[in-house]
Amino acid sequence: MTRTFLRTDDLHGLVSDQFGSDRRLAALDRLTGGTKKGVYRLRLDDRTTVMLYVWSAGENYWPPSPTVPDDPFTDASGADLFAAGHAALTAAGVRVPRLMMMDRDGRHLDADIALVEDAGALRLEALLEHDPATASTPLSALGDALRRMHTTYGPHHGKLTAAARGEAPPTRRTEDVIVDRALGHLDAAAARDVRLADAHHRITAHVHHLRSAVTPREEYGLVHGELGPDHVLVTPAGEAVMIDFEGLTYFDVEWDHAWLQMRFGDAYSALRPVDLDPHRLELYRYAQTLSLIEGPLRIADTDFPDRKWMLDLAEWHITRALGRAR
C-alpha cells in the first residue's frame with residue numbers, strides 16, 4: 001500500500017483547538033519503530049512538546065494474524081484498548097503518559113487519535129545499556145508498578161474492553177489458549193521456513209509436554225502483554241513511564257514475566273517479581289519464542305522498512321525453538 005504520513009499542515013486545526021489560536025506547530029517528528037500506530041512528537045512554537053498517537057490503516061504495518069478463540073493478545077491495537085488500558089493502569093497506580101485528549105469521532109483527522117504528555121525520548125533500554133547505575137531507580141519503580149499490576153485481579157481473563165461491553169467470559173483455560181496460539185504460530189511459520197516444517201511434529205510434542213505440567217488456576221492479574229525496557233520511558237526526574245499498553249489484559253502474570261526475563265536479562269531480578277508458577281512460565285516462554293518467529297516473518301513480507309531486523313529476530317528465535325524441542 002502507499003503510505004502517507006502526517007505533515008504539519010494536517011495538524012494546525014488540532015493545535016489551535018487544543019492549545020489556543022496563539023500557539024503554532026513549529027515542527028513535527030514521526031518516531032520510528034512503531035508498527036501498529038503512528039507516534040508523532042509535536043513541537044510547538046513556545047518550545048513545549050506533546051505526543052500524538054494515530055491509529056489508522058496507513059500507520060499499521062501488520063497483516064492479519066492467525067486467530068485463536070479467547071486469545072486476548074490478537075489485534076491488540078486501537079484507541080478503545082488504549083483508553084481502557086490507560087484508565088486501568090492509572091487506577092492501579094502505574095505511571096503512564098498523562099492523557100490530554102482523545103478523538104474517536106474524526107473531528108480532527110480521518111483516524112482515531114490521542115494527545116498525551118511527552119515523557120521524553122530516553123528509554124529504559126538505553127539507560128540499562130549505557131548507565132546501569134542511573135537505571136537502578138526507574139528499574140526499581142518499574143518493579144513496584146508491576147507488582148501493583150500483577151496483584152490487581154480480574155474475575156476472568158480477557159481484554160478489558162470485552163468486559164466493558166458485557167461480553168460473556170472466556171470458557172477455556174489460559175494455558176489452552178496459549179497452546180492453540182503457539183501451534184497456530186508454528187503452522188504459519190512452518191509454511192515460510194523448511195526447518196520448522198521438518199521439526200513440526202517435534203515442536204508440537206514439546207508444546208504439549210510443557211502443557212501437561214501446568215495445573216489449573218483461576219486468578220488473573222493485569223498484564224502488559226509484551227513488556228520490555230523499550231516500552232518504558234524514563235523522565236528527566238527519573239520516573240519510569242509505561243507505554244504501548246494497548247495489549248493490557250487480565251491474564252496469567254507469567255505471560256508478562258516470560259517477556260520480562262527475555263528482555264531484561266541480568267536486570268530482571270531487580271524487578272523483584274511476584275511468586276510465579278515455573279511450569280506455566282516455561283510453557284509461556286516457549287510460546288513466545290514461536291510468536292517471535294511467526295510475527296517477524298509475517299511482517300517481513302510487507303513494506304515494513306526494517307525487514308532485515310525482523311528476519312534476524314526470527315532467525316534467532318528459530319535457533320532457540322529448535323534447540324529446546326529435542
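Predicted model: local features only at pLDDT ≥ 70, side-chain atom pairs only at ≥ 80, totals over all residues.
Colleague: Why is α4 called roughly antiparallel to α9?

Modeller: Helix α4 (residues 132-150) and helix α9 (residues 253-264) pack at an angle of about 165 degrees, their axes being 11 Å apart. Angles over 145 degrees count as roughly antiparallel, and therefore α4 is described in that way relative to α9. The crossing of the two helices is right-handed.

Colleague: Which residues make the contact between α4 and α9, and how do they divide into nonpolar, polar and charged?

Modeller: Helix α4 contributes Leu139, Leu142, Leu146, Met149 and His150, while α9 contributes Val253, Asp256, His257, Leu260 and Phe264. Seven of these residues are nonpolar, two are polar and one is charged. Asp counts as charged, so Asp256 of α9 is the charged residue of this contact.

Colleague: What makes β1 and β4 the edge strands of the sheet?

Modeller: The open sheet has five strands in the order β1-β2-β3-β5-β4, with antiparallel pairing. Strands β1 (25-30) and β4 (99-103) each pair on one side only.

Colleague: Which strands does helix α1 touch, and which does α2 lie across?

Modeller: Helix α1 (residues 12-19) packs on the sheet and touches β1, β2, β3, β4 and β5, its direction making about 50 degrees with that of β5. Helix α2 (residues 79-91) lies across β3, β4 and β5, and runs at about 150 degrees to β4.

Note on methods: Residues numbered from 1 in each chain as written. Heavy atoms only, no water. Axes fitted to C-alpha atoms, helices over the stretch in contact; angles between N-to-C directions. Helix = DSSP H or I, 4+ residues; strand = E, 2+ residues; numbered from the N terminus. Parallel < 35°, antiparallel > 145°, perpendicular 65-115°, else oblique. Left-handed = near helix turned anticlockwise from the far one by under 90°. Contact = heavy atoms within 4.5 Å. Pairing = 2+ DSSP bridges.
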